[in-house]
Amino acid sequence: AAKAKDVDRPMLAYRRIAKDEGLPAPSIAEDPAWARFGDIDLCTSHCGRPPIRFFGFEPPSADGYGVGYNVDKNSMQFSITHFDKTECKKF
């Protein structure tokens with residue numbers, strides 16, 4: 001994403017803008033592959049900014065996991081989220 005080579009965020013934004021504006025979804029939303037954007041099991045993101053010490057975000061789906069992580073010179077820090085907290089405790 002930092003190098004603007006991602007595709008999921010723009011595609012999800014197209015769907016959201018259409019919904020917010022009361023417009024039909026983009027034609028690509030009719031492709032079977034589009035459904036995969038709405039049911040993501042794992043979403044990870046690296047926080048490369050040193051001032052942010054704890055980084056996390058909401059899971060991408062009802063049964064999915066969100067993993068925020070930060071890599072430092074001497075350590076790695078993870079934040080694992082799931083709507084069912086007992087699932088997170090496994091890690």
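**Notebook: a look around one chain**

I began with Phe-78, which is partly exposed at a relative accessible area of 47%. My cut-offs were these: buried is under 20% relative accessible area, exposed is over 50%, and partly exposed is in between, with a 1.4 Å probe and protein chains only.

I noted that this is a predicted model, in which local features need pLDDT of at least 70, side-chain atom pairs count only at pLDDT 80 or more, and totals for chains, interfaces and linings use all residues. Residues are numbered from 1 along each chain as its sequence is written, and side-chain values use heavy atoms, leaving out hydrogens and water.

**Entry: confidence**

I looked up pLDDT, the predictor's confidence in each residue on a scale from 0 to 100. The chain has a mean of 78, and 80% of its residues reach 70 or more. Where is confidence lowest, and where is it highest? Helix 2 (residues 85–88) has the lowest mean, 76, while strand 2 (residues 65–71) has the highest, 85. A reminder to myself: where pLDDT is low, the predicted coordinates should not be read in detail.

**Entry: the layout**

I found two helices and three strands, in the order α-β-β-β-α along the sequence. Helices (H or I, at least four residues) and strands (E, at least two) are DSSP runs, numbered from the N terminus. Of the 91 residues, 19% count as buried. The accessible surface comes to about 7400 Å², and 55% of that belongs to carbon and sulfur atoms. These areas come from the Shrake-Rupley method with a 1.4 Å probe; for residues, only the protein chains shown count as cover.

**Entry: back to Phe-78**

I placed Phe-78 in strand 3 (residues 76–81). Together with Val-71 and Met-76, Phe-78 makes a nonpolar surface patch of about 310 Å². Patches are made of residues with over 30% relative accessible area and no salt bridge; like charges are joined within 9 Å, and nonpolar side chains (Val, Leu, Ile, Met, Phe, Trp, Tyr) within 5 Å.

**Entry: a charged pair**

How many salt bridges does the whole structure have? My search found one. A salt bridge is a side-chain nitrogen of Lys or Arg within 4 Å of a carboxyl oxygen of Asp or Glu. Asp-20 and Arg-16 form it, with their closest N and O atoms 3.1 Å apart. The two are about one helical turn apart, because they sit four residues from each other in helix 1 (residues 8–20). Arg-16 is exposed, at 52%.

**Entry: His-82**

Is His-82 buried or exposed? His-82 is buried, with a relative accessible area of 11%, and lies in the loop between strand 3 and helix 2. I checked its polar contacts (N or O atoms within 3.5 Å; within protein, one must be able to donate a hydrogen and the other to accept it, and residues adjacent in sequence count only if both atoms are side-chain atoms). The side chain of His-82 has a polar atom 3.4 Å from the backbone oxygen of Asp-63, and reaches the backbone nitrogen of Asp-84 at 2.9 Å. Contact means heavy atoms within 4.5 Å. Not counting residues up to four places away in sequence, His-82 touches several residues, among them Pro-59, Tyr-65 and Cys-88.

I found Phe-91 in the segment after helix 2, exposed at 65%. Phe-91 touches Tyr-65 and Ile-80, not counting residues up to four places away in sequence. Cys-47, in the loop between strand 1 (42–46) and strand 2, is buried at 6%. Cys-47 and Tyr-69 are 22 residues apart in sequence, with 6.2 Å between their C-alpha atoms.
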